Amino acid sequence: MKPDGPAIRRVRKAQNMSLRMLQELTGLNRGYLSRMERGHIRESDDERVRTIANALQVKPAAITEEE
């Protein structure tokens, strides 16, 4: 899946969630999450994207780019 970093950031901020909290909920490194939100990570395995979507309580399609 191709993560949509700005969409992840928008959803996270709309929920008043910090990167640290997203890190705690997903178990993913905060630096990795930050790079993803800034668009430096354009490809990610499906499981990581699903983990982020679950933590944000949205469907994966809300935080991925159309292929």
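**Figure 1. Contacts across the whole protein chain.** Residues 24 or more positions apart make up 63% of the chain's contacts that have a separation of 6 or more, a contact being heavy atoms within 4.5 Å. This is a predicted model, where local features need pLDDT of at least 70, side-chain atom pairs count only at pLDDT 80 or more, and totals for chains, interfaces and linings use all residues. Residues are numbered from 1 along each chain as its sequence is written, and side-chain values use heavy atoms, with hydrogens and water left out.

**Figure 2. The overall build is α-α-α-α, read along the sequence.** You'll find four helices and zero strands here; both are DSSP runs numbered from the N terminus, with helices being H or I of at least four residues and strands being E of at least two. The C-alpha trace spans about 30 × 20 × 20 Å along its principal axes. A compact globule of 67 residues would have a radius of gyration near 11 Å, and the 10 Å of the protein chain agrees with that. That radius is taken over C-alpha atoms, and the globule rule is 2.2 Å times the number of residues to the power 0.38.

**Figure 3. Close-up of H2 against H3.** Helix H2 (residues 19–26) packs on helix H3 (residues 30–37) at an angle of about 115°, their axes 9 Å apart. Axes are lines fitted to C-alpha atoms, for helices over the stretch in contact, and angles run from 0 to 180 degrees between N-to-C directions. H2 and H3 are therefore roughly perpendicular to each other, the word used for 65 to 115 degrees (under 35 is roughly parallel, over 145 roughly antiparallel, the rest oblique). On the H2 side, look for Leu19, Arg20, Leu22, Gln23 and Thr26; H3 brings Arg30, Leu33, Ser34 and Glu37. Nonpolar covers Ala, Val, Leu, Ile, Met, Phe, Trp, Tyr, Cys and Pro; charged covers Asp, Glu, Lys and Arg; the others, Gly among them, are polar.

**Figure 4. Close-up of H2 against H4.** H2 also packs on helix H4 (residues 46–56), at an angle of about 115° with the axes 9 Å apart. Leu22, Leu25 and Thr26 of H2 touch Thr51, Ile52, Ala55 and Leu56 of H4. In this contact, five residues are nonpolar, two are polar and none is charged.

**Figure 5. Gly27, in the loop between H2 and H3.** Gly27 is exposed, at 65% relative accessible area (exposed is over 50%, buried under 20%, partly exposed in between; 1.4 Å probe, protein chains only). Its C-alpha atom is separated by 18 Å from that of Gly5, 22 residues apart along the chain.
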